[in-house]
Amino acid sequence: MHTSTHTVLYDPEGLIEAELPLDREPYECLVKAVLAWTGPEALAERDLEQIALQLTGHARAVASDVRRRAAQLPKDSGPRALADVVLREAEGRLSVTIEGTVRCVQNRARLVRALYERLDRLEAARPQAG
């Protein structure tokens with residue numbers, strides 16, 4: 001007897017995710033605010049953990065976009081090679097356990113910023129149709 005109400009989607013190329021635009025502006029504002037922190041930790045540890053989780057999820061989404069855009073470029077192109085380096089570094093940084101510290105949150109913010117910079121450069125390097 002089948003009682004599950006869940007549907008499992010098989011999307012190995014990430015096409016469903018690719019159709020959803022990233023809501024970039026709120027995360028860029030969050031990154032800017034987090035990187036401006038200079039004083040002692042003013043937020044509770046749990047609040048910092050939640051911000052780190054938000055930035056981690058968004059970093060994974062941006063990394064997916066970087067990966068898709070890089071795959072559209074020739075394998076021997078410089079922008080694609082640089083994207084591969086950034087993606088390897090992102091994987092390593094995202095594998096680090098989240099902590100409820102300003103340092104952890106700022107590291108995630110720097111990662112989101114770096115991924116957006118790479119995404120913008122890939123967009124500029126993408127061959128124009130026509």
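**Entry 1: T56**

I began with the side chain of T56 and found one of its polar atoms 2.7 Å from the backbone oxygen of A52. For my own use, a polar contact is a pair of N or O atoms within 3.5 Å; within protein, one must be able to donate a hydrogen and the other to accept it, and residues adjacent in sequence count only if both atoms are side-chain atoms.

A note on what I am looking at: this is a predicted model, where local features need pLDDT of at least 70 and side-chain atom pairs count only at pLDDT 80 or more, while totals for chains, interfaces and linings use all residues. Residues are numbered from 1 along each chain as its sequence is written, and side-chain values use heavy atoms, with hydrogens and water left out.

Next I looked up where T56 sits, and it is in helix α3, residues 45-71. Helices (H or I, at least four residues) and strands (E, at least two) are DSSP runs, numbered from the N terminus.

Is T56 buried or exposed? It is buried, because its relative accessible area is 7%. The cut-offs I use are under 20% relative accessible area for buried, over 50% for exposed, and partly exposed in between, with a 1.4 Å probe and protein chains only.

Which residues does T56 touch, leaving aside its neighbours within four places in sequence? I found L94, I98 and R108. Contact here means heavy atoms within 4.5 Å.

L94 counts as buried, since its relative accessibility is 9%. L94 and T56 are 38 residues apart in sequence, yet their C-alpha atoms are 6.9 Å apart in space. Not counting residues up to four places away in sequence, L94 touches T56, A59, R60, R108 and L111.

Then I stepped on to S95, in the loop between α4 (78-94) and α5 (102-125). Is S95 buried or exposed? S95 counts as exposed, because its relative accessibility is 58%. A polar atom of the S95 side chain lies 2.7 Å from the backbone oxygen of G92.

**Entry 2: how α3 packs**

I looked at α3 against α4 first. Their axes come within 10 Å and cross at roughly 155 degrees. That angle makes α3 roughly antiparallel to α4. From α3, T56, A59, R60, A63, V66, R67, A70 and A71 make the contact, and from α4, R80, A83, L87, E91 and L94.

My reading guide: axes are lines fitted to C-alpha atoms, for helices over the stretch in contact, and angles run from 0 to 180 degrees between N-to-C directions. Angles under 35 degrees count as roughly parallel, over 145 as roughly antiparallel, 65 to 115 as roughly perpendicular and the rest as oblique.

For α3 and α5, I read axes that come within 9 Å and a crossing of roughly 20 degrees. This makes α3 roughly parallel to α5.

Helix α2, residues 24-35, packs on α3 at an angle of about 130 degrees, with the axes 11 Å apart. That makes α2 oblique to α3. The contact brings Y27, L30, V31 and V34 of α2 together with I51, Q54, L55 and H58 of α3.

**Entry 3: V105**

In helix α5 I picked out V105. Is V105 buried or exposed? V105 counts as buried, because its relative accessibility is 0%. Not counting residues up to four places away in sequence, V105 touches V34, W37, L48, I51, A52 and L55. For V105 and L48, 57 residues apart along the chain, I noted a C-alpha separation of 6.6 Å.

**Entry 4: cysteines and the whole chain**

How many disulfides does a search of the whole structure find? The search finds zero, where a disulfide is a pair of cysteine sulfur atoms within 2.5 Å. I looked up two cysteines anyway: C29 is partly exposed, with a relative accessible area of 47%, whereas C104 counts as buried at 9% relative accessibility.

Finally, I stepped back. The protein chain has five helices and zero strands. Of its 130 residues, 31% count as buried. Among contacts between residues at least 6 apart in sequence, 76% join residues at least 24 apart.
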